[in-house]
Amino acid sequence: MIQPLDTVKVRLQTQSAAAPLYKGTYHCLSTIVKNESFWGMYKGMSSPLCGVAVINAIVFGVYGNSMRYLQQNTLTNNLIAGSFAGAVQSLISCPMELAKTKMQLQGVLGPDPMNAIKSGILQKPALYRSPVDCLWKLYSEHGLRTFYRGFWVTIAREVPGFGSYFFSYEYLTRIMTPHGTFDARGNYVEGQLGIGRLMMAGGLSGIISWLVSFPQDVVKSRYQADEQYTSARQCMVMSYRTEGAGVFARGLWSTILRAFPTNAATLTVVTLFLRYVGDLNDDKYLQGMML
């Protein structure tokens, strides 16, 4: 259900306030299935499917190396390292999301095509067969520069988004970690988070991250989807003037529904993997392996 909710988010963010096609998350999902078939919810899926592993590798790699450079595991350093990781991964996520957004908005129709046309919402032909085909055609028409349409607003989203992501995860895991105890031999054993608490911390961190960066995401989606805007700033100003401040929260609920399970799974797996690697590097473990 992760990709369908992302498709809903983009559709809700970019629809016209004067003649909206969708009343909410459920109505959007049902309308897509009715007008575009079940697979309409999965448009553009190959783009994040191929890119998510690369992006996560960049994010956690840059974050880890930044923390090693900063040396101390403080909340402030987590904020700095996370922000830097978000900035670096924007180089990959911007063109990837451009293709995904274009694919997700193909074939947008209301329940009544003629009424949709009269309302100013025209059928959008399926111009692209895949995200790769989308990027190739955009490159052929506008050059390499078009891949980074919305790059600076992507930076404005990712820097505070990933900064708050790692900051909140570190803070939540600290306050959720149980106090250490002494074992039967009198040795002190540090407290360790179980999978349930790790998932809770990861899911909440994902929600916090999106709450911080969601208005920027709305502007990014609208700017990448609509060629009428000459800049992200113009997109933001025009959206506010015509639709009010509420436009910057459009699609938030579908994003929150998607954010919790996605980030709960991601951060839990990463934490458990690093914990396992740490055990492998422990001297006592290595001595046991040699025996």
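Helices (H or I, at least four residues) and strands (E, at least two) are DSSP runs, numbered from the N terminus. The model is predicted, so local features need pLDDT of at least 70 and side-chain atom pairs count only at pLDDT 80 or more, while totals for chains, interfaces and linings use all residues. Residues are numbered from 1 along each chain as its sequence is written, and side-chain values use heavy atoms, with hydrogens and water left out.

**View 1. Gln224 in helix H8.** Gln224 belongs to helix H8. Its relative accessibility is 0%, so Gln224 is classed as buried; the class buried means under 20% relative accessible area, exposed means over 50%, and partly exposed lies in between (1.4 Å probe, protein chains only). With residues up to four places away in sequence not counted, Gln224 touches Cys94, Glu97, Leu98, Thr101, Lys102 and Arg149. A contact here means heavy atoms within 4.5 Å. Among these partners, Cys94 is itself buried, at 1% relative accessibility.

**View 2. Packing of helix H8 on helix H9.** Helix H8 spans residues 195–225 and helix H9 spans residues 232–243. Their axes are 9 Å apart, and the packing angle is about 105°. H8 is therefore roughly perpendicular to H9. The axes are lines fitted to C-alpha atoms, for helices over the stretch in contact, and angles run from 0 to 180 degrees between N-to-C directions. Angles under 35 degrees count as roughly parallel, over 145 as roughly antiparallel, 65 to 115 as roughly perpendicular, and the rest as oblique. From H8, the residues in contact are Val219, Arg222 and Tyr223; from H9 they are Ala232, Cys235, Met236, Ser239 and Glu243. Sorted by class, the contact of H8 with H9 holds 5 nonpolar, 1 polar and 2 charged residues. In this sorting, Ala, Val, Leu, Ile, Met, Phe, Trp, Tyr, Cys and Pro are nonpolar, Asp, Glu, Lys and Arg are charged, and the others, Gly among them, are polar. Cys235 has a relative accessible area of 0% and is buried.

**View 3. Phe214 in helix H8.** Phe214 is also placed in helix H8. At 2% relative accessibility, Phe214 is buried. Apart from neighbours within four places in sequence, Phe214 is in contact with Lys9, Gln13, Phe248, Ala249, Arg250, Gly251, Leu252 and Thr255. Phe214 and Thr255 are 41 residues apart along the chain, and their C-alpha atoms are separated by 8.9 Å.

**View 4. Crossing of helices H4 and H6.** Helix H4 covers residues 75–104 and helix H6 covers residues 131–142. Their axes come within 9 Å and cross at roughly 105°. H4 and H6 are therefore roughly perpendicular to each other. On the H4 side the contact is made by Pro95, Leu98, Ala99, Lys102 and Met103, and on the H6 side by Pro131, Cys134, Leu135 and Leu138. By class, the contact of H4 with H6 has 8 nonpolar residues, no polar residues and 1 charged residue. Leu98 and Lys102 are also among the residues that Gln224 touches.

View 5. Helix H3 runs over residues 46–70 and contains Phe60. Phe60 and Gln89 are 29 residues apart in sequence, with a C-alpha to C-alpha distance of 10.0 Å. Ser66 is in helix H3 too, and is buried with a relative accessible area of 12%. Ser66 touches Ala81 and Phe84, residues up to four places away in sequence not being counted. The C-alpha atoms of Ser66 and Phe84, 18 residues apart along the chain, are separated by 8.0 Å. Gln71 lies in the loop between H3 and H4. At 70% relative accessibility, Gln71 is exposed. Most residues other than glycine have a negative phi. Gln71 has a positive phi of about 75° although it is not a glycine.

**View 6. Whole protein, for orientation.** The protein has 11 helices and 2 strands, in the sequence order α-α-α-α-α-α-α-β-β-α-α-α-α. Of its 291 residues, 45% are buried. Among contacts with a separation of 6 or more, 72% involve residues 24 or more positions apart. The protein exposes about 16,100 Å², of which carbon and sulfur atoms supply 64%; accessible areas come from the Shrake-Rupley method with a 1.4 Å probe, and for residues only the protein chains shown count as cover. With a disulfide taken as a pair of cysteine sulfur atoms within 2.5 Å, the count is 0 disulfides.
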